[in-house]
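Reader: I'd like to go through the labels on this model and hear what backs each one. Can we start with the cavities?

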Amino acid sequence: MCGIVGYIGKRDVAPLLLEGLQRLEYRGYDSAGIAIHASGKAGGLKTAKAKGRVRELESRLPKRFAGTTGIAHTRWATHGAPNDENAHPHMDAEGKVAVVHNGIIDNAAELRAKLTADGVEFASETDTEVLAHLIGRSQAEKLEEKVRDALRHIEGTYGIAVLHSDFADRIVVARNGSPVVLGIGEKEMFVSSDVAALVSHTRQVVTLDDGEMATLKADDYRTYTTEGSRTTSSPETVEYAAESYDMGAHDTYMHKEISEQADAVDRALRGRIDDRFSTVHLGGLNLDAREARGVRRVKILGCGTSYHAGQIGAQMIEELARIPSDAEPASEFRYRNPVVDPDTLYVAVSQSGETYDVLAAVQELKRKGARVLGLVNVVGSAIARETDGGIYVHAGPEVCVVSTKCFTNMVVSFALLALHLGRIRDLSVADGKRIIDGLRRLPAQITEILEGEAEIKKLAELYADAKSMMFIGRVRGYPVAREASLKLKEVSYIHAEAYPASELKHGPLALIEPAMPTVAIVPDDDLLEKNRAALEEIKARSGRILAVAHAVQQKADHTIVVPKNEPELDPILMGIPLQLLAYHTALSLGRDIDKPRNLAKSVTVE
Ligand code: AGP
């Protein structure tokens, strides 16, 4: 969703900010804007804004738009339509203050009414403009104090960057619930809401905590709380280089990210396997063996794809560690006043680590004294920081809105957690070893599946005419079917339904006819015959079937054969060809693969 970039140094700022905004495009946005301290005698702030893409903004920049300090923003509309006026930065009445803001100001309507009563005229419908006026009206002397004054009135979430024409030597930033990362350069400083916009300039970053502010000058930065006390924050090195954020030789990020999965899984396993005890080491878990034995339930919370990964994870934990486990959409959990049990281990799963619904569920759980682990991809993200411990899934940067490699690595990480908990409880050494051997086989098996891409492409083209598709699976295969159905609909816009194969007779069978193909997950496990019976039922209604199985299925029109691993780990492999199926279906339909309509990569609002 919204994105912030800022720069202070000696270089021409506009091209730098535009490049930063382009790197944030993947998050999803509907307008963009920029404000700079203009160089030259006249000085002062100059802004440009445009509805639409960053290239639209670029084409609108005035001829004279030179400066070495500036802030910029990509906006995803919440308060007010996506148009030029509502695009950030927002200014105060005198045009001395420029603010870019991620998050939502909950009491904006109330503050707006007060300011209007005081004679302030608003130029936009946004909540953010309130903040610009509050900063502009503060009587404090220093910019930091003005911002602090304004923030005292604000209820809600924010990541902000502020320019003031009387303080041309600095950018002031603040964070509460929306990420702000400082990029530390040589006699130049950067700021962004996402490291993706920083890594081409510096890998030295400082991530602000909630309630923290910072002042950036060209050769210096300092951090402090919103109350004004100094904080210490030494720079950390970003794990991935700038190239990891680029598309490389691929035509889309989705294709690149699907293709990277063997390496990504290898990375998730690296340094974690302990052959001596047939278990794994998960350094950041912060859960000792005694505590792990005391866990009576596991509750996994996530949204979308991450929730589906959590569903597979819950089954793995239940099977390997024999702890009752389930997954629930975080977006629902937080609204049903859940019973929070001290013996339950909560696991928040998220690629971005920023998803508001997941973060809010974590905060509610923490408030009630629960122990919450994070299973997160983005290091240092809000959820990673808010949780008591956790597992980084190490998938590497995922840019495509449609999650693929992160899903796979999340499921692998859940397998690690299940194995760890299992070996502390009743999972035998032999079974621990069996799972470890299976995990080690995954990268090569993923490569084998990806080598079959040409065949999957043909199948995708064959089924791309469908208006609607059914996805079925049983037990371990059901969350795989759900995730595959989500993948197809979000990237190809083909309607898709996912059902447990066992539920067909209870209603969905009525939909089956030649124009409604079914994708069936048919692993060679103890439910094989049951799954085959479902294929019979569909065939008897003249339904077309594409099976994903360990061997060719006679009743299916087509089968994608995937290599067999251990039954508990098979869901990891069975999902991968269906990512390719969704990708090639979308490609043949000419969809905007990396940025499907109406979707954003990080859903940082409700
Ligand atoms: C995945 O393809 C989706 N775009 C979406 O469901 C996503 O998984 C969901 O919004 C959760 O995001 P997170 O993993 O960053 O928390």
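Author: On a 1 Å grid over the protein atoms alone, a cavity is a set of points where a 1.4 Å probe fits but cannot get out, and lining residues have an atom within 4 Å of a point. Grid points are joined across faces, edges and corners, and a volume is the space filled by probe spheres set on the points. This is a predicted model, where local features need pLDDT of at least 70 and side-chain atom pairs pLDDT 80 or more, while totals for chains, interfaces and linings use all residues. Residues are numbered from 1 along each chain as its sequence is written, and side-chain values use heavy atoms, without hydrogens and water.

Reader: What volume does the largest cavity have?

Author: About 100 Å³. Of its 14 lining residues, the closest to the centre are Cys2, Trp76, Thr78, His101 and Gly103.

Reader: And what volume does the second largest cavity have?

Author: About 70 Å³. Its lining includes Val5, Leu16, Phe190 and His201, and α1 (13-24) gives the most, with four residues. Helices here are DSSP runs (H or I, at least four residues), and strands (E, at least two) likewise, numbered from the N terminus.

Reader: Why is glutamine 311 called buried?

Author: Buried means under 20% relative accessible area (exposed is over 50%, partly exposed in between; 1.4 Å probe, protein chains only). Glutamine 311 has 14% relative accessibility, so it counts as buried. Its place is in helix α9 (residues 304-321).

Reader: What is glutamine 311 in contact with, leaving aside neighbours within four places in sequence?

Author: With contact meaning heavy atoms within 4.5 Å, the partners of glutamine 311 are Ala327, Pro479 and Arg482.

Notes
1 Å grid on protein atoms, 1.4 Å probe; cavity = no way out; pocket = protein on both sides within 12 Å on 5 of 7 lines; lining within 4 Å.
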